[in-house]
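Biologist: I would like to learn how to read a model like this one, feature by feature. Could we take the features in turn?

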Amino acid sequence: MNPGDILLFKGEDGMSRLIQWGTGSKYSHVAICVSPEMDLAIEAMAGLGGVRARDVRDIKEAYDVFRVKGSLRYDLNGVISQLVSKLNTRYDFLGVVFLGILKLLSKIGLPLKNKANNWQKDKDYFCSELVYEAFNPGGGLDIVPDIGEGDITSPGDIARSGVLGGV
């Protein structure tokens with residue numbers, strides 16, 4: 001693994017399966033490796049203190065590693081700095097509910113995919129929102145250019161991005 005690599009998790013519990021179904025993806029959670037030497041990743045996790053550092057060796061869930069494609073440039077130090085600045089920020093429960101409602105309504109054909117959650121933006125984070133903002137504005141690279149806003153980005157959106165590739 002390299003610093004800046006994105007870990008996309010394939011959870012198997014009930015909430016993970018609901019996220020996977022609602023977003024049309026096999027992924028339900030996302031984190032970023034900040035130091036492979038220390039086996040350290042940063043993520044936003046419900047029930048575990050919000051934005052936190054995690055020892056990658058303690059991960060029990062299956063995950064895939066994605067990386068920014070080689071021809072694209074971004075500021076890795078900016079990504080890591082953005083992540084570190086968000087440590088101990090609360091988990092965005094309301095944002096996840098809002099995202100879930102949008103994704104479900106878009107499944108039945110309503111054109112709501114790109115509606116932003118402006119009423120409580122930037123107060124707290126869920127996993128894919130944190131990863132989006134770490135890269136943009138943190139690293140100067142929009143990793144999901146087809147989506148447009150961090151607070152409507154899911155782990156599946158990140159996995160489908162043409163900016164990233166599996167390792």
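Modeller: Start with strand pairing. This is a predicted model. Strand E5 (residues 63-68) is joined to strand E6 (residues 164-166) by three bridges, and the two run antiparallel.

Biologist: Which residue stands opposite Phe66 in E6?

Modeller: Gly166 does. In general, side chains in a regular strand alternate between the two faces of the sheet.

Biologist: How many bridges join strand E1 to strand E5?

Modeller: Four. E1 covers residues 6-9, and this pair also runs antiparallel. Here Phe9 stands opposite Tyr63 in E5.

Biologist: What pattern does the chain follow along the sequence?

Modeller: The order is β-α-β-β-β-β-α-α-α-α-β. That is five helices and six strands. The chain has 167 residues, and 49% of them count as buried. Take contacts between residues at least 6 apart in sequence: 67% of them join residues at least 24 apart.

Biologist: Now charges. How should I read a salt bridge?

Modeller: Side chains of opposite charge can pair when their charged atoms come close. In this model the count comes to nine salt bridges. One of them pairs Asp64 with Lys10, with the closest N and O atoms 3.3 Å apart. Asp64 lies in strand E5 and Lys10 in the loop between E1 and H1, so the pair ties together parts that are 54 residues apart in sequence.

Biologist: Are Asp64 and Lys10 buried, exposed or partly exposed?

Modeller: Asp64 is partly exposed, because its relative accessible area is 22%. Lys10 is partly exposed too, at 26%.

Biologist: Which residues are linked in a network of salt bridges?

Modeller: Glu43, Arg52, Arg54 and Glu61. Glu61 is partly exposed, with a relative accessible area of 32%. Arg54 is buried, because its value is 11% and the cut-off for buried is under 20%.

Biologist: How far apart are N and O in the salt bridge of Arg57 and Asp55?

Modeller: The distance is 2.6 Å. Arg57 is exposed, with a relative accessible area of 57%. Asp55 is partly exposed at 22%.

Biologist: What about cysteines?

Modeller: A disulfide is a covalent bond between the sulfur atoms of two cysteines. Here the count comes to zero disulfides. Cys33 counts as buried because its relative accessibility is 1%. Cys127 is buried as well, at 7%.

Biologist: Next, the surface. Which residues make the nonpolar surface patch?

Modeller: Met15, Leu18, Trp21 and Leu104 make the patch, which is about 440 Å². Helix H1 (residues 14-23) gives the most to it, with three residues. Met15 sits in helix H1. It counts as exposed because its relative accessibility is 53%. For the chain, the accessible surface comes to about 8,100 Å², and 55% of that belongs to carbon and sulfur atoms.

Biologist: Backbone next. Which peptide bond is cis?

Modeller: The bond from Asn136 to Pro137 is cis, with omega near 25°. Pro137 lies in helix H4 (residues 127-138).

Biologist: Where does Asp39 lie, and what is its phi?

Modeller: Asp39 is in the loop between strand E2 (29-35) and strand E3 (40-45). Its phi is positive, about 55°, although Asp39 is not a glycine. Asp39 is partly exposed, with a relative accessible area of 24%. Asn88 also has a positive phi, near 70°. Asn88 lies in the loop between H2 and helix H3 (93-107). It is exposed, because its relative accessible area is 68%.

Biologist: What does Gln82 touch beyond its neighbours in sequence?

Modeller: Leaving out residues up to four places away in sequence, Gln82 touches Glu133, Ala134 and Gly138. Gln82 is in helix H2 (residues 76-85). It counts as buried because its relative accessibility is 18%.

Biologist: One more. How far apart are Gly162 and Ile143?

Modeller: They are 19 residues apart in sequence and 8.1 Å apart in space, C-alpha to C-alpha. Gly162 is found in the loop between helix H5 (155-160) and E6. At 54% relative accessibility, Gly162 counts as exposed.

Definitions and conventions:
Residues numbered from 1 in each chain as written. Predicted model: local features only at pLDDT ≥ 70, side-chain atom pairs only at ≥ 80, totals over all residues. Heavy atoms only, no water. Patch = residues over 30% accessible without salt bridge, like charges linked within 9 Å, V, L, I, M, F, W, Y side chains within 5 Å. Areas by Shrake-Rupley, 256 points an atom, 1.4 Å probe, with all protein chains shown as cover. Salt bridge = Lys/Arg side-chain N within 4 Å of Asp/Glu carboxyl O. Buried < 20%, exposed > 50% of the residue type's maximum accessible area, 1.4 Å probe, protein only. Pairing = 2+ DSSP bridges. Disulfide = S-S within 2.5 Å. Contact = heavy atoms within 4.5 Å.
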